Amino acid sequence: MITLIQFPWSPFCITVEHILKRHKIPHCIKNIATHERGEIIRATKGRAYTVPCLIDGKTAVADFTDFGQEVARYVDRKHRLGLFPREKEGIQAILARYIENDLEGIGFKVDDSYVIPTLPLVERVMLTRFKERKFGKGCVLQWTKDRAKLNRQFAELLLPIDNMLASSKFLIDDKPLFVDYDFYGILGNYLYSGKTKLPPLKHLRRWYSAMARG
């Protein structure tokens with residue numbers, strides 16, 4: 001059985017977990033603390049330390065490159081899910097960049113501002129240290145103060161996608177492809193705390209309901 005090592009609020013872990021759930025692929029979930037990466041490092045023989053990390057028998061897969069689709073592509077190939085059709089590679093790559101850079105770059109700040117303060121002491125301090133080394137001293141507190149502005153920015157970035165969904169059941173096909181799961185993961189991260197909600201964009205909400213069904 002596949003084991004998915006993850007942080008439950010990670011957008012990229014939510015993406016992979018939902019692929020497994022929606023396609024009824026047997027798996028188990030192992031949540032780890034954000035500062036405890038030893039199991040991933042050992043499983044990948046030092047090649048990776050990031051989540052999601054998927055262990056399938058003697059095979060360990062993580063997102064080894066910056067583009068970060070290796071885990072999803074492994075599941076897709078093994079189970080022949082058709083999430084990466086060749087004729088859609090170009091548009092999926094372009095759309096994934098928007099989803100994972102522009103959208104995720106705002107959404108994770110909102111989520112972090114809610115989630116980090118709830119973590120156990122050591123994990124909270126270690127994750128705060130990591131964030132501050134990357135984004136500057138006091139960044140989590142600043143994101144907390146800026147939530148209203150960040151939520152508005154996130155909603156604005158969702159408008160082009162809502163417009164796309166006005167004429168399409170899913171993002172670029174009549175069935176979910178990888179970018180649909182990718183987008184679902186970003187929204188899952190944004191909504192994880194239970195303190196946020198989707199903006200009133202009817203096509204987006206219709207799509208989200210369709211994706212949420214197993």
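## Arg73 and the salt bridge to Glu89

Arg73 counts as partly exposed, because its relative accessibility is 24%, where partly exposed means the range between buried (under 20% relative accessible area) and exposed (over 50%), computed with a 1.4 Å probe and protein chains only. Its partner is Glu89, and the two form a salt bridge in which the closest N and O atoms are 3.1 Å apart; a salt bridge here is a side-chain nitrogen of Lys or Arg within 4 Å of a carboxyl oxygen of Asp or Glu. This pair links distant parts of the chain, with Glu89 in helix 4 (residues 89-115) and Arg73 in helix 3, 16 residues apart. Glu89 also counts as partly exposed, at 28% relative accessibility.

The model is a predicted one, in which local features need pLDDT of at least 70 and side-chain atom pairs count only at pLDDT 80 or more, while totals for chains, interfaces and linings use all residues. Residues are numbered from 1 along each chain as its sequence is written, and side-chain values use heavy atoms, with hydrogens and water left out.

## Other salt bridges

A search of the whole structure finds seven salt bridges, and one of them joins Asp56 to Lys78, whose closest N and O atoms are 2.4 Å apart. Asp56 lies in strand 3 (residues 53-56) and Lys78 in helix 3 (residues 70-79), so this pair ties together parts that are 22 residues apart in sequence. The two partners are described by separate values: Asp56 counts as buried at 13% relative accessibility, and Lys78 counts as partly exposed at 44%.

Another salt bridge is formed by the side chains of Lys131 and Asp112, at 2.8 Å from N to O. Lys131 lies in helix 5 and Asp112 in helix 4, so the pair ties together parts that are 19 residues apart in sequence. Both Lys131 and Asp112 are buried.

## Overall fold and dimensions

The protein has nine helices and four strands; these are DSSP runs numbered from the N terminus, with helices being H or I runs of at least four residues and strands being E runs of at least two. Read from the N terminus on, the elements follow the order β-α-β-α-β-β-α-α-α-α-α-α-α.

For 214 residues, a compact globule would have a radius of gyration near 17 Å, and the protein agrees with this because its own value is 17 Å; the radius is taken over C-alpha atoms, and the globule rule is 2.2 Å times the number of residues to the power 0.38. The C-alpha atoms fill a box of roughly 45 × 45 × 25 Å along the principal axes. Of the 214 residues, 51% count as buried, and the accessible surface comes to about 11100 Å², of which 54% belongs to carbon and sulfur atoms, as given by the Shrake-Rupley method with a 1.4 Å probe, where for residues only the protein chains shown count as cover.

In soluble globular proteins, nonpolar side chains tend to be buried together. The largest nonpolar core here has 66 residues, and those with the most contacts inside it are Ile99, Leu103, Leu171, Phe183, Leu187 and Trp207. The largest share of this core, nine residues, comes from helix 8 (residues 178-191). Such a core is a set of buried Ala, Val, Leu, Ile, Met, Phe, Trp, Tyr and Cys residues joined through side-chain atoms within 4.5 Å.

Leaving aside residues up to four places away in sequence, Ile99 touches Glu104, Ile161, Leu171, Val179, Asp182, Phe183 and Ile186, a contact meaning heavy atoms within 4.5 Å. Phe154 lies in helix 7 (residues 147-165) and counts as buried at 0% relative accessibility. With the sequence limit of four places applied again, Phe154 touches Leu103, Ile106, Gly107, Ile186, Leu187 and Tyr190.

## Loops and backbone details

A cis peptide bond, with omega of about 0°, joins Val51 and Pro52, and Pro52 is placed in the loop between helix 2 (38-43) and strand 3.

Lys24 has a positive phi of about 55° although it is not a glycine; Lys24 lies in the loop between helix 1 (11-22) and strand 2 (27-31) and is exposed, with a relative accessible area of 66%. Arg80, likewise a residue other than glycine, has a positive phi near 50°. Arg80 belongs to the loop between helix 3 and helix 4 and is exposed, with a relative accessible area of 78%.
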